[in-house]
Amino acid sequence: MRITCPYCGARNLEEFTYRGDATVKRPDSLDESATEAWVDYVYLRKNPAGLHKEFWQHTGGCHAWLEVTRDTTTHEIVAVELASKGAEHKER
Amino acid sequence: MSELQSLSAFDGVSAAGRYGNPNGTAGVTLTERANLGLATLEVRKGQTVALAEKVQAMYGAALPVGPVSASGTGVRFVGIAPGQWFAVSETLPNEDLAGDLATKLQGLASVADHSSGRAVMRLEGPAVRDVLAKGLAVDIDPSVFIDGAAALTNIGHIGVLVWRDDEAFDLTVFRSFAGSFYGWLQASAAEFGIDVVT
Amino acid sequence: MRYSLASLLTNALTGNRNWKPVWREPEPKPSYDVVIVGGGGHGLATAHYLAKEHGITNVAVIEKSYLGSGNVGRNTTIVRSNYLLPGNEPFYEWSMKLWEGLEQDLNYNAMVSQRGVLNVFHSDAQRDAFVRRGNAMRFNGADAELLDQEQVRALVPFVDFENARFPVRGGLYQARGGTVRHDAVVWGYARSADMRGVDIIQNCAATGFRIENGRITGVETERGFIGAKKVALSVAGSSSRVGEMAGLRLPIESHVLQAFVTEGIKPLLDTVITFGAGHFYCSQSDKGGLVFGGDIDGYNTYAQRGNLPVVEDVAEGGMALIPAIGRLRILRSWGGLLDMSMDGSPIIDQTHVEGLYFNGGWCYGGFKATPASGWCFAHLIATGQSHPFAAAYRFDRFASGRVIDEKGMGAQPNLH
Amino acid sequence: MSQINRLTGKGLVDHSKTVSFQFDGQHLEGHPGDTLASALLANGIRLVGRSFKYHRPRGILTAGSEEPNALVELRTGARREPNTRATTIELYDGLDAASQNRWPSLRYDLLSINQLASPVLSAGFYYKTFMWPASFWEKLYEPMIRRAAGLGYPSKQTDPDRYEKANAFCDVLVVGGGAAGLSAALAAARTGACVILCDEDFVLGGRLLSERGEIDGQSTQDWAKSAVAELESLPRCRIMRRTTVFGVYDGGTYAAVERVSDHLPEPPAHAPRQRLWRIVAKQSVICAGGFERPIVFGDNDRPGVMLASAVRTYVNRFGVTPGRNAVIFADNHEALRTASDLADAGVTVRAIVDPQPQPSATAEQVATETGALYINGIIDAVSGAYGIKSVRIKDAQGASKTIDCDVLAVSGGWNPALNLTTHLGGKPKWDNALSCLVPGDLPPGMRVAGAAAGQFSLQACLASGEAAGADSARDCGFSPSAPSRPAPTEDGSPVAPVWYVPSSRGKAFVDFQNDVAVSDIKLAAREGFRVPDHVKRYTTLGMATDQGKTSNLNGAALLAEATGRHLGAVGSTTFRPPYTPVAIGALAGHHRGKDFRPTRLAPSHAWAVEQGAVFVEAGAWLRALMFPKPGETAQETVDREVANTRTNVGVCDVSTLGKIDVQGSDAGTFLDRVYINGFSKLAVGKTRYGLMLREDGFAMDDGTTARLAENHFFMTTTTANAVKVSQHLEFCQQVLWPELDVQTVSQTEQWAQFAVAGPKSRKIIEALLDSGQDISNEAFPYMACGSFTACGGAPARIFRLSFSGELAYEIGVPARFGDGLIRTIMRAGAEFGIGPYGTEALGVMRIEKGHAAGPELNGQTTAHDLGLGRMMSKKKDFIGRFMGQREALNEAARAAIVGLKPLDPKMRINAGAHLVKRDAVANAENDQGYVTSQAYSPELKSFIGLAMLSDGPARYGEVVKVCDPLRDYETLAEVCSPHFIDPEGERLRV
């Protein structure tokens, strides 16, 4: 499998480190009532057969964290973006 | 300067000479590039434009966007990651480069010294691409990997930053890996013969 | 027909014309007491123990493909009970005991071969971790021995003791561990369940579940609706896919584990060996091939195949441990879909749907767990109570924090 | 006897040179260009091996990599290669091969008695017996089976040869250098596209070398030569001979193995034996050719029975005839060429046997031309166990006739070699016209041409190859010229294949190597194994080293008949990598032995070697474990190093700890969120200990972080977790809080860092520092840090930290000065009795101080377990905060860290031992915890240990039993505080 890093270009699988589901969002850790959200965030996964948005880090290259959209039945990769996208506008 | 002896990363690792296939001219020549100034700079939040302008003004180099390198007066800036560059200098040796960058780019980039943390070597010769192909999973065909092109990747389980300088390839690995990397290089270059110059 | 040397001889004399099918191929009945989804090792074992231990025989096992087409036919056939944590060790030791009596129980030779399982270590820290594990095994009545370098050398003289990057300093050895002929496990359980009246229905994928006010009433399948008082899911790598039809969101990811076999050679390796400094474990099949594997590919997948980096990683581990295998050739590689749970340990539990039971999250442990998994799942289905050996395998451990994390890797399936 | 079956002047071998070799100790000769198989045949040798189960005598069936029978042990000693196909071994001078799976000899093999028992040894017989008594399986049955099973003997010695890996990139990869492959490569390469052409053979041409056709007025052999010449002249085209593409992986990745030196007695100096190629191609054209099918009939495995196409290969390419009297048994017209080729080579063709229902005029004519008898009928029986002597032929009318012959050329038609098209999950589809499976859906970027696509005729191969090559180049953005070869018109009327001859006598084999016969498949079907995968697993059909290349379809046909289904509906098993077996060594390449993984050396390594240090692997690092003096035991060394550090001063290289630079205006906030305790309020010039959790609330790593400047922190991690922590921080930065102004970068390699510990450490640091810099207790108290210059201007960072519990400093300088600094420290420390200490002594001292390390930070412990629960800030957000609060992670019953003192100080507290109450039995119910670390404390003159004990902190003073049944050891120990020495930390602050 080859992943096209938005910065480095297409590289072999061994350069990337997998983390998993990129659709989960970290809840507020100060909200003591968020137990269910936290259990879901840390432990529960959709694990779809088909398109899956997932975190990879290009640890063998630029160390960028990526959001890769990949078909788990064919391994076809349909999109790759930097996970930090939009950081610039977040700061405003 | 300090009375402490300064040792290069290849000290005790490589010795000058001809290795591997002894026939004909060596397929590759290895030259260590010791005492270079090496540093990383990472842009501070929201300072991308300002940093580029400052680098242009101070070092006469256009900070590259993407994995290529740009040379200014005495300093080469190699793109290694979004908002991150690896700076290399002969004129500002060892710790000097990081100091110089930190002062001049104050507030625009976070600078870290790597002059001691990396081993830098130059590989050239008729078989250089064949030797590198044994570890480098990146297409270095001249038509693709043009002069100045750079890649942060792995060779034989060792992280390596490589950039092309005309027909030569400069490679950097972390200092502690110098011995293992040299072992891989010797094995991979053996069939072509390798000249080690120091 | 009972299997024996006598039956072999008599049938040989009649040109082997009188052997009967190992299992029937019945049409599905309109309804059953229990429908087990998944005709793999765990599903069939569950059917066998439901019938044999609990007298529940109005049971159907439905399989989307052919029997044993999943992980039970795609693993490296290793059985062992060398676990560390209280939630796991009693369960796997019970599984070991069931393996030891399996062939007589099933009247089917699954070639349970207690040739020993050796885990080598390379450092004092690794040794201490193995000692902690070995003592946990002893505390639970399992067998375990700590071997020094010389004892390891005696078992596997061709291991690299001279020039290794990570020298072997000793090992943890379980003599009762070993290998089992994986397909025979499928056929043996299927034959036994079938003889006890269980309907085994191949090429019958579940397409949905009928749930009426919180209670399961049956399974929609490719071959029509099948009513059921209880439905039991035992679908390993397809857990999330099938579970979703019943509204389950599971602490599970599907990953691929590759395995390899070499050409058949005369006996070389008499035990099962696991490398502690790389990803490599290996045994030699009775046919002569070295059967080995390593780490999972490490990304979610439903394709039963992996990629090249892991192939190379496993080969490097193999050469580092046994440099004599360099000229042996890999004949075939394959991949199995692992139901990797978030703490690396399985789940055998009821679901929020009344009458719907779940069995999954087996990670690497599925094959060796087959008998105990079937035993405990059958107990849960029959009695509604978790079996003591599987008491820790519940969904609620993730919310409570009582996770069973053998490797201490945390909530990241591909690290277990 | 020398080469009695060599056809003088024929073929591509070099008749002018001879090559000598050995088979089973017999000295023989061949020519350069031979394979072992062709050379054996040239010498009249037909008996080459024995089958797997019945040990039946076997000869040579094919001329390619699909060979199931002629497997030998090639080479001897450490280089012995079992199961090597005689048909693919390139003959070299001095080649030494031996037959296998026979004892005592190939001709007289004891286990051939298995044949007599074959009715009992039917498919799956072993599942039905060997069950009583259970214990006999390991003792008796299995060893017996294992000895009989397997084929060749492996070498048990280290493989002496080198292997390597290489990467290649191209526009178009062409797999196979036959008619289709050469056309494809030409069409693509002529456009200027970057093309790689791989062929498993040592001469390119494929079937072109084996047939006597014509292309563009040239012989096929000459055309192949000129095509190769043109390809070699094209700058961006690379031809890789002896290179098998064995696997297709995602993203256009193709794995190939190049047999660099296998055609030589041993690899030349500096050359590897084999090389693994990882080829990344934008487009690929699979031109792997096809496999001819045997016909299944009684005793169809006798030496001398050979595929018709293989016979042509031996005659036309190698100038060898497999025999002098031939019979042809084929259901198709193409095989008739075998008769003509043999006849023209001066070999007597006795008969052409045509099993088709209707007689064939064409066949009859060829028979007349070749002086052979034409019989529309079947082979009824074969005689000659060690080499076929005659065949009995039965004609359509039932009349039978026996004909003497020494070679029987068989053809049941062809199958495409479509294996590579299915590696990514593509399913082959049934083609009724061709009566075989053809490629189905192809992976992105892949095309198939020639026989591999079911285009069997020469014209079709050339045309489909050219088209596929051109289209592939076009898809890479090049512009090919218009096709020069018209797609051929319908090539011959398809005939229904004859799969097997039901009426013939003797065992009829489907899978030769594994001895799977027609009866086995019928039995499997009878027992309910009706899908190909079940039949395969039950009978072992297609599991042999040829993976069913010559047997799968015949097996499926028999299964179809046995289960009353149409063959197209039966389906097939799955092809998986590798296409042909691949040496494990090639897949490992350089990475074996010491090169398995790289080794990281610390800045003081060379110096430590000079001191005679003993080293230990710490992840990728080699660290000094201890510095023994002559005559010391390990325990004495460690005791000395500890005692000296506690009484005088010691030095230890701690450069391997992870060091991470954290900068930016939000650096403090960032650290607050990754550590359980706060850092944003840490004063500049101060250092603080911190603990990190995973998001699930369990401990991940710990270390100290120094604030060098307002916006500049310097974090240290454990050696083991350095990489993991970096990646974790990058995730937090880039994914969780991209809005923060924080930059992190690893500085592990930049700084050589040494711990100087002991009552006299300050004197040494003072001696190192350049004048005018004050590190007195007042100016530079415990946990202080700062930047200084040392030894004449070297930049130095000093941290007043202590892992040992003594007055101690860590001094860091740029790594290039590391070697110089350790030598200077030793010189400066000499007068104070300085001594180096290794990780073992370091471990002892940290245990004496109760500092958690790897064994405690094992991923299963929480802040509470480590006695750090109170550090968890209630006010702020941090990783692991929420899940870390779960009751199960904080309840008293959890095992938490304690110290253990043996009642008898001479008794060890074995690490890994479990803990039970003093009088309790050692079993699971009573298990209350485990020992994580143990050491001998010279100061306390006692063994001590750290342990995780249920409700431990509340049990100080209680005596527990330390149980290590694994090592048959027990002792009693008192639970105490983990801080054995200087619990108040006074020594740190002097």
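User: Is D:Asp515 buried or exposed?
Analyst: In this predicted model, the relative accessible area of D:Asp515 is 0%. Buried means under 20%. D:Asp515 is therefore buried.

User: How many residues apart in sequence are the parts that D:Asp515 and D:Arg58 tie together?
Analyst: D:Asp515 and D:Arg58 form a salt bridge whose closest N and O atoms are 2.8 Å apart. D:Asp515 sits in the loop between strand 29 (509-511) and strand 30 (516-517) of chain D, and D:Arg58 in strand 4 (residues 57-58) of chain D, so the parts tied together are separated in sequence by 457 residues.
The relative accessible area of D:Arg58 is 1%, so D:Arg58 is buried. The sequence separation is 457 residues.

User: What does the pair D:Arg597 and C:Glu316 join?
Analyst: D:Arg597 makes a salt bridge with C:Glu316, with the closest N and O atoms 2.7 Å apart. D:Arg597 is in the loop between helix 13 (584-588) and strand 32 (600-601) of chain D, while C:Glu316 is in helix 8 (residues 308-321) of chain C, so the pair joins two chains.

User: Which residue of the salt bridge between D:Glu806 and D:Arg987 is partly exposed?
Analyst: The two side chains meet at 2.7 Å, N to O. D:Glu806 has 3% relative accessibility and so counts as buried. At a relative accessible area of 25%, the partly exposed residue is D:Arg987.

User: What is the relative orientation of helix 2 and helix 3 of chain C?
Analyst: Helix 2 (residues 41-54) and helix 3 (residues 89-106) of chain C pack at about 75 degrees, with axes 14 Å apart. Angles of 65 to 115 degrees count as roughly perpendicular. Helix 2 and helix 3 of chain C are therefore roughly perpendicular.

Note on methods: Residues numbered from 1 in each chain as written. Chains lettered and ligands numbered in written order. Predicted model: local features only at pLDDT ≥ 70, side-chain atom pairs only at ≥ 80, totals over all residues. Heavy atoms only, no water. Axes fitted to C-alpha atoms, helices over the stretch in contact; angles between N-to-C directions. Helix = DSSP H or I, 4+ residues; strand = E, 2+ residues; numbered from the N terminus. Parallel < 35°, antiparallel > 145°, perpendicular 65-115°, else oblique. Salt bridge = Lys/Arg side-chain N within 4 Å of Asp/Glu carboxyl O. Buried < 20%, exposed > 50% of the residue type's maximum accessible area, 1.4 Å probe, protein only.
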